[in-house]
Amino acid sequence: MLVVVLTLLAALSNASSSVLQRRAAAEEPEGGAGLRQAARWLGRVLLRPPWVAGAGLLALSTVLQAAALGRGSLALVQPLMAAELLFTLVVGSVVFHRRPDPGIWLAFAALAVGLSLFLISAAPTVGRSTASAGLWTVAAGVVLGAVAVLVVTARAVRGAPRAALLGLASAVCFALTAALLKEVTGRFSDGLGALLASWPPYATVAAGAVAFLLLQSAFRAGTLAASQPALTLGDALASVVLGWALFGEQITLGVRVVPAVAGVVLMGVGAAGLARAPLVSGSWDTTARRPGTDSVRPVP
């Protein structure tokens with residue numbers, strides 16, 4: 001029960017972080033295209049109180065999830081973290097003073113239940129605590145290539161598609177960061193000196209920084225209804241793949257292939273529902289400026 005409570009609190013904290021950081025992004029005008037303008041925009045966003053609060057909640061979420069994983073299995077924690085999708089809608093409705101339409105709720109529920117079914121059915125076995133340098137080279141090349149393709153593709157589109165693509169790119173980077181963190185913890189037995197002299201701690205920081213920047217870009221590009229499903233699903237599924245490729249975590253479905261397939265179908269239904277939902281490209285989680293002032297208010 002403690003593991004369940006810790007995981008749900010982590011999911012709630014993570015969802016609240018996304019909502020608050022999206023609010024900060026929506027309150028700040030874009031200020032034009034280009035790397036310099038984007039850097040200036042990010043600098044202004046980082047000073048906004050909602051963003052700072054969101055950063056604190058993100059740190060809290062990391063602590064809570066680590067505590068849950070320390071007491072329970074990945075097969076239990078990861079499916080429960082899918083509740084983040086539904087918490088995003090609940091917290092977003094409070095922060096932006098506007099309820100998503102029923103189609104959004106149904107789509108997010110289908111995605112959350114589908115992801116949970118898939119992860120429970122395909123829960124990987126415990127593998128190695130570290131991976132070889134050769135495996136890391138291949139995995140890093142594939143991940144960075146995939147992220148580059150997603151970012152380049154995102155630059156060619158606008159609105160919800162861009163937010164979804166950048167959210168997915170961020171998710172892949174977060175999955176890589178988690179895999180690198182697992183490598184770091186697996187090397188604790190070598191001693192602190194040996195750990196600090198190796199590459200994994202610094203690669204973890206670098207991957208986390210890239211994931212962070214991509215996440216802020218996703219918040220800037222479009223609504224949470226577009227970016228959050230790609231972020232949550234992409235992180236979970238990419239983590240399963242990296243666990244198999246790097247640490248030998250085997251997936252043995254057997255008779256459990258039926259709920260796994262059902263989970264994939266539900267995720268497809270949820271994704272299709274989101275694609276047709278007007279609020280994905282609408283103004284559920286955007287803000288408008290009051291005429292003649294610099295203050296902002298949620299769009300009614």
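Tutor: Contact means heavy atoms within 4.5 Å. This is a predicted model: local features need pLDDT of at least 70, side-chain atom pairs need 80 or more, and totals for chains, interfaces and linings use all residues. Numbering starts from 1 along each chain as its sequence is written, and side-chain values use heavy atoms, without hydrogens or water.

Start at Leu 242. Leaving aside residues up to four places away in sequence, Leu 242 touches Ala 139, Val 143, Ala 175, Leu 176, Ala 179 and Phe 247.

Now widen the view to the nonpolar core (buried Ala, Val, Leu, Ile, Met, Phe, Trp, Tyr and Cys joined through side-chain atoms within 4.5 Å). Buried means under 20% relative accessible area, exposed over 50%, partly exposed in between, with a 1.4 Å probe and protein chains only. The largest core has 27 residues. Trp 136, Val 147, Leu 176, Leu 242 and Leu 246 touch the most other members. Helices α7, α8, α10 and α11 each supply at least two residues of this core. The largest share, 10 residues, comes from α8. A second, separate core has 17 residues, including Leu 115, Ala 122, Ala 225 and Leu 233. In soluble globular proteins, nonpolar side chains tend to be buried together.

Take α7 next. Helices are DSSP runs of H or I with at least four residues, and strands are E runs of at least two, numbered from the N terminus. Helix α7 covers residues 133–155. Its buried residues are Trp 136, Ala 139, Val 143, Val 147, Leu 150 and Ala 154. The buried residues of α7 pack against α8 (160–186), α10 (200–221) and α11 (224–247). What span should the 23 residues of α7 have at 1.5 Å a residue? The expected span is 1.5 Å times one less than the number of residues. That gives 33 Å for α7, and its end C-alpha atoms are 33 Å apart, which agrees.

Step back to the whole chain. The chain has 12 helices and two strands. Of the 300 residues, 45% are buried. Among contacts with a separation of 6 or more, 79% join residues 24 or more positions apart.

For contrast, look at the surface. Val 258 sits in helix α12 (residues 257–276). Val 258 is exposed, with a relative accessible area of 58%.
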